[in-house]
Amino acid sequence: MNSIFETIKSVAFDIDHAIKTADLGYSDSENSSGEDQLKLDVQSDIIIEKAFASVSVVKNLVSEEKEGVMELNENGTYTICYDPLDGSSLVDVNLSVGSIFGIYKGELQGSNLVASAYVVYGPRIELVIAEKGKKPLLYRVIAGEFKEVGEVFMDEKGKLNAPGGTQQNWSTTHKTFVDSLFAEGYRLRYSGGMVPDLHQIMLKGGGLFSYPGTTDKPDGKLRQLFEVIPFAFMYEQAGGQAINNKGMRLMELVPSHPHDTSPCFFGSNYEVNALKSAYGIEN
Ligand code: P6P
């Protein structure tokens with residue numbers, strides 16, 4: 001697995017350079033979710049695909065930017081499902097964005113995730129890696145190299161609230177719950193970039209990130225294999241919880257299609273338990 005993590009460190013520098021130098025225009029194509037692709041999306045995807053092609057333990061790649069499964073090494077062990085540049089539309093307003101990697105062994109479903117990692121491209125490049133049985137580990141680029149900073153863990157109760165999705169399309173239950181957190185004094189922290197938004201909550205002691213099903217997106221917006229399950233693993237390893245609107249652990253998701261989405265809630269125990277109560281879910 002270490003060869004995978006070293007490759008992620010390498011592509012982090014290449015993608016960070018592309019962010020700082022590439023043309024921020026749109027390509028003439030769409031991704032599998034029907035979203036317009038920035039040239040930077042395509043470039044980041046190519047950087048990752050080329051980098052993993054020479055990593056023998058990687059059997060397949062599944063990219064948010066492409067349809068289907070790409071076989072790399074028939075004798076490989078792991079399938080890497082990745083979002084090469086999540087939130088890329090924020091680059092042209094100079095906000096932080098990220099790359100997300102889910103490392104699966106066997107069928108592509110939550111229970112077969114063996115590790116996950118994400119890179120944040122912000123004022124500094126930061127990387128968090130989570131493996132089974134270990135707290136997530138934070139790395140930061142210092143003097144041009146990734147240095148290990150320490151373990152990431154969340155308090156039982158946090159202060160930050162990151163409510164995603166179009167508010168006019170939330171259910172009444174969700175709106176009432178989100179408002180109740182603000183009434184308790186939670187501070188709004190939402191940039192529209194899943195990676196920095198979830199990173200901030202994990203590093204600042206906890207809180208809640210929510211992207212519910214909405215009237216316009218009943219199954220939510222965030223993709224199970226590339227975004228939801230990798231972060232669910234992170235949050236559980238950091239001592240928090242990650243569930244859907246029915247109270248099911250997101251780690252139990254079994255997508256029927258690689259680009260399936262799910263309503264998702266990630267947070268510290270207090271906030272997720274409060275959401276379960278608000279949604280009428282047994283704690
Ligand atoms: P909304 C970025 O496009 C993204 O996929 C995630 O990074 C982010 O959390 C979400 O969409 C934002 O969506 O509907 O709140 O703008």
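How do the residues of the lining of the largest pocket divide into nonpolar, polar and charged? In this predicted model, that lining holds nine nonpolar, seven polar and eleven charged residues.

To find the place, begin with the largest pocket itself, whose volume is about 490 Å³. Select Glu35, Gly87, Ser89, Lys221 and Arg223, which are the closest to the centre of this pocket among the 27 residues that line it. Next, colour strand S2 (36–38), strand S5 (78–86), helix H4 (194–203) and strand S13 (207–211), because these are the elements that each give two or more residues to the lining of the largest pocket. If you then colour the model by domain, you will see that domain 1 (2–151) and domain 2 (160–278) each supply at least three residues to the lining of the largest pocket.

Now move to the second largest pocket, which has a volume of about 360 Å³. Select Ser96, Val120, Pro196, His199 and Gln200, the closest to the centre of the second largest pocket out of the 15 residues that line it. Keep H4 highlighted here, for H4 gives the most to the lining of the second largest pocket, with five residues. Colouring by residue type shows that the lining of the second largest pocket divides into five nonpolar, five polar and five charged residues.

Conventions. Residues numbered from 1 in each chain as written. Predicted model: local features only at pLDDT ≥ 70, side-chain atom pairs only at ≥ 80, totals over all residues. Heavy atoms only, no water. 1 Å grid on protein atoms, 1.4 Å probe; cavity = no way out; pocket = protein on both sides within 12 Å on 5 of 7 lines; lining within 4 Å. Points joined across faces, edges and corners; volume = space filled by probe spheres on them. Helix = DSSP H or I, 4+ residues; strand = E, 2+ residues; numbered from the N terminus. Nonpolar A, V, L, I, M, F, W, Y, C, P; charged D, E, K, R; others polar. Domains from an automatic or database assignment.
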